[in-house]
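Open the model in your viewer and keep the selection tool ready. This tour goes stop by stop.

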Amino acid sequence: MRRPPCLVAIPLATLALLACMPALAQPPRPVLYLQPYGASLPESTLRGVEEALRAFYDVELRRLPLAPLPRKAWYAPRKRWRADVLLDALEARLPPGADRILGLTAEDISTTKGDVYDWGVMGLGRLGGKTCVISMFRANKGVSAARGAQRLAKVAVHEVGHTLGLEHCPNVGCLMEDAKGRAATSDRETDLCATCRAHLRQSGRPAKDGRGAPWRSKMVFMFLLCRRRSTQCLTKRRTTRRRRIAGAPSPASGPRLAVSPHRLRRRRAPIDATSHMAALGRYATSYINTLCADRLSTEAHPQSH
Ligand SMILES: [Zn+2]
Ligand SMILES: [Zn+2]
């Protein structure tokens with residue numbers, strides 16, 4: 001028996017509505033376009049930039065085809081490209097409905113900083129604007145290709161941060177630190193600090209936790225350092241104990257075998273690696289929190305990394 005068309009259409013419409021509900025519940029993610037410029041950067045470098053941006057910002061990334069650098073941005077006296085002109089060109093290339101656009105190039109770029117008309121930079125972003133540009137030229141000078149790619153990915157997070165309204169941050173290790181003319185500054189940067197994160201939260205664009213970024217976070221580094229020290233400490237104490245049990249002289253504590261009750265108590269106390277690690281973890285957290293104390297940047301924003 002054939003069912004009337006309306007009886008088939010109603011369940012189908014219900015299914016379609018249910019399928020659309022998650023999309024209706026969540027607004028579409030802002031789209032950040034990537035515009036590779038000039039000589040192409042390695043694919044692995046571009047992927048590193050994308051991983052870093054996805055790790056910190058809730059955006060959808062779309063890559064535009066490689067385009068030549070606009071001639072009007074060429075600064076002949078220094079044989080490099082004016083980043084501020086590139087930002088204007090990127091603004092003109094902004095696809096309809098795009099949230100932001102990031103230009104990427106291997107060429108040297110520059111801008112005016114203070115009294116210096118043409119100051120070479122790794123990146124430039126418009127504070128609270130829609131455009132930013134980054135360059136590999138300075139990032140990989142004197143370092144391996146991998147380190148250069150990592151620096152470029154950090155600069156991408158930094159410049160997009162400027163477009164989201166973040167100014168330079170005085171907290172050491174924050175990705176919004178001012179490079180102050182040194183590419184190596186980005187090597188110590190691993191995360192956005194609590195102040196910068198609070199700023200993004202207040203502006204309605206909270207940052208993600210940074211997991212998946214192509215570098216190791218400071219917390220992980222400190223955890224590994226603590227674990228290494230803890231293991232060394234445990235090994236040393238176990239070796240000493242074994243020597244004492246075997247009656248062998250211990251080079252470190254042999255002359256002190258006739259120990260005080262206090263030392264005896266300490267020796268008998270179980271070596272609790274878990275609580276030792278927890279204490280070290282607490283120390284690491286308090287150290288990071290001290291670094292990221294709630295201090296707002298008061299410096300003038302030079303718009304360059
Ligand atoms: Zn910060
Ligand atoms: Zn900057």
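**Stop one: the core**

Select Ala-52, Leu-53, Phe-56, Val-133, Leu-152, Ala-156 and Val-160: of the 50 residues in the largest nonpolar core, these touch the most other members. Such a core is a set of buried Ala, Val, Leu, Ile, Met, Phe, Trp, Tyr and Cys residues joined through C-beta atoms within 7 Å. Buried means 20 or more other C-beta atoms within 10 Å of a residue's own, exposed means 12 or fewer, and partly exposed lies in between, with C-beta atoms placed from the backbone. H4 gives the largest share of this core, seven residues.

This is a predicted model: local features need pLDDT of at least 70, side-chain atom pairs count only at pLDDT 80 or more, and totals for chains, interfaces and linings use all residues. Residues are numbered from 1 along each chain as its sequence is written, while chains are lettered from A and ligands numbered from 1 in the order in which they are written.

Now select strand E1 (residues 31-37) and strand E2 (residues 60-63). They pair in the parallel sense over four bridges; pairing takes at least two DSSP bridges. Helices (H or I, at least four residues) and strands (E, at least two) are DSSP runs, numbered from the N terminus. Find Tyr-33: its bridge partner in E2 is Arg-62.

**Stop three: helix H5**

Move to H5 (residues 194-202). Cys-196, Arg-197 and His-199 are buried there. They lie on the same side of H5 because they cover an arc of only 155° around the axis, taken from the directions from the helix axis to the C-beta atoms. Arg-201 and Gln-202, on the other side, are exposed. Just after H5, Gly-204 takes a positive phi of about 85°.
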